[in-house]
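Me: Got a model open here and a few quick questions. Can we go through it piece by piece?

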Amino acid sequence: MTALHHDPSIQGKRNSNPPFFAEGSDINSNEAENAEAARPNATLECGWGRLLYGPSFESPQALARALQEEQPGKRDIALHVESPQLVLAEAPSALFLDPSLIFRKQLDGSPAEPPPPGIVIRPLTTRADIAAINRLYTMRNMVPVDPRLVWRQRHSDAVVFLVAEDERTGDIIGSAMGVDHYEAFGDEGQGCSLWCLAVDPQTGLVGAGRGLVNFLIAHYATRGRKYLELSVLHGNEPAIALYQKLGFEQVQGFVVKNKNAINEKLFVETTDFGGLNPYARLIVDEARRRGISVEVIDAAAGIFKLRHAGHEMLCRESLTELTGGVAMTWCQDKVLTSRRLASIGLRVPRQITAGDPEANAAFLKECGSVVVKPALGEQGKGISVDVRGEDHMVEAIERAAAQGGHVILEEFCSGQDLRIVVIGYKVVAAAIRRPAEIVGDGESTVLQLIERQSARRAAATGGESKIPVDGETERCLAGQGLSYDSVIEAGQAIKVRKTANLHTGGTIHDVTAELHPMLRDVAETAARALRIPVVGLDFLVPEPSSDEYVIIEANERPGLANHEPQPTAQRFIDLLFPFTMTGNT
């Protein structure tokens, strides 16, 4: 779900901490009654841009001029603009009316709702918290904050940055920002506002967004503020429904922003690209940002043409005409991939093509545990991992065969699932992929938890990531003594798949900075051996910082999304159109 002017996203978590108050920030009713009038031309630096308080500006002309002083890469917002038509008339080619609705909740001192289980809501306390906030913003396509500015503001009375923390792992899974209008602008109305609500789309915990909102409600109610408001895009029905459930009601109000690349989707019609999946859309957006024209050939298949200065390239997501037929053959057939990489001395698991039952059984006995997968499959379909019994192996071979083509039996190698993306024969991103996981609440069945988590993953990935309810999921649960009807303890996490593929509900976590130099060299060597300029290589490793590895697959059409903060789309367009490169790409 998304909300707020800053295109924030919302979802869920828990808090055992009392509301935070900056030292010396309490304001009693007498102070409120004697509040000064709004300061002239009041603005607030927020790290991602400025908030300009419309009622404080002396004229529409002054507000229009101030908005056009926006710094590159930032998003300024003029809120509560009283005569938006006059402001827009001053610079119609530079400014636009934001298509958002303002919602407000009166703060009446009612008891705050307790936080969700497993989640701690607190103000940021370390520089690492700021880095985590920027990670969330990047995942949600939001403007990152200036870490130095936010660090200086951590004790400010005007603004507070909150984080939602997974109580079990310590991971930051959500963030929100609150602004005190009295402290920031001298607002006589004693209001405050919520901004930049973002929740990690990969978290298995529910309620982080709600917990962050409720924390701010309690925080500002204790300060004596009269209302908390926010804005949400008019078509964001899930977010609107949530806010209404929390007691917010729509009020009149206008917001004006600059026409810049960040806001482009709000004022430029882009429905012709609406049918593209997230992997194609990521590339198309980067191309358009650089002035490269885009022609969608087949939206459902993710096929489009890029054209610039007489040069054109046909793409299917990250697969381009630069990838030759032999490279495609090597990558598409996992038997050929393994054979080619082994021929140049790279480490791969032992492997046979499934066939004679006695040979299959002998290979299983020799390995102890195997992976069964279709040789021509993709997106994790038909794969069974850590198969130890002959009966299960027979069933797994049948599932894999249903995907078409021959079936592979491969030695099971333990380790973390590492995807390395190579573009132009250089490593651009590395990420650990983790299998789908659910977290118990002590009440819901495993099936109910799977369905909820699958719905959240689908919403966060444009329908690309879902947890299948199938025989492989049942087998994974049975191995833990569970079934779909089981109820697990609150806070207990269980894996519901053994494969870490994104399309079967897996999550992806950037480890590029931790990658061992040998793994970087191996990935680039493998790409050259396969003669493929854009490839996703799947490794199994003890740790990304280790030099131990086996390579299990090569994907000729790797998904470039979900590798934030690494510039996968930028490097992809650099490869295709190097003459469009700039210092900012």
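Reply: L52 stands opposite A78 in strand 3. Before going on: this is a predicted model, where local features need pLDDT of at least 70, side-chain atom pairs count only at pLDDT 80 or more, and totals for chains, interfaces and linings use all residues. Residues are numbered from 1 along each chain as its sequence is written, and side-chain values use heavy atoms, with hydrogens and water left out.

Me: Which way do strand 2 and strand 3 pair, and over how many bridges?

Reply: Parallel, over three bridges, between strand 2 (residues 50–53) and strand 3 (residues 77–79). Strands here are DSSP E runs of at least two residues, helices are H or I runs of at least four, and both are numbered from the N terminus. Two strands pair if DSSP finds at least two bridges between them.

Me: What's the strand order in the open sheet?

Reply: It runs 1-2-3-12-4, five strands with mixed pairing. Strand 1 (43–45) and strand 4 (95–97) are the edges, each pairing on one side only. Neighbouring strands are turned by 20° against each other on average, direction ignored.

Me: Which helix packs on the sheet?

Reply: Helix 2 (residues 60–67), touching strand 2, strand 3, strand 4 and strand 12 (255–258). Its direction makes about 180° with that of strand 2. Axes are lines fitted to C-alpha atoms, for helices over the stretch in contact, and angles run from 0 to 180 degrees between N-to-C directions. Contact means heavy atoms within 4.5 Å.

Me: New topic. How many aromatic pairs?

Reply: Six. Rings of Phe, Tyr and Trp (its six-membered ring) pair if their centres lie within 6.5 Å; planes under 30 degrees apart count as stacked, over 60 as edge-to-face and the rest as tilted. One of the pairs is Y53 with F185, stacked at 4.8 Å centre to centre and 0° between the planes.

Me: What does the pair of Y53 and F185 tie together?

Reply: Parts 132 residues apart in sequence, because Y53 lies in strand 2 and F185 in helix 6 (residues 181–185).

Me: Is Y53 buried or exposed?

Reply: Buried, at 6% relative accessibility. F185 is buried too, at 0%. The cut-offs: buried is under 20% relative accessible area, exposed over 50%, partly exposed in between (1.4 Å probe, protein chains only).

Me: And why do F96 and F267 count as tilted?

Reply: Their planes sit at 45°, so the pair is tilted, with ring centres 5.1 Å apart. F96 is in strand 4 and F267 in helix 9 (residues 264–267), 171 residues apart. F96 is buried at 6%, while F267 is partly exposed at 30%.

Me: Last one. What does Q453 touch?

Reply: Leaving aside neighbours within four places in sequence, Q453 contacts Q202, T203, G204, E437, I438 and I467. Q453 sits in helix 15 (residues 446–460) and is buried at 3%. E451 is in helix 15 too, but partly exposed at 46%.
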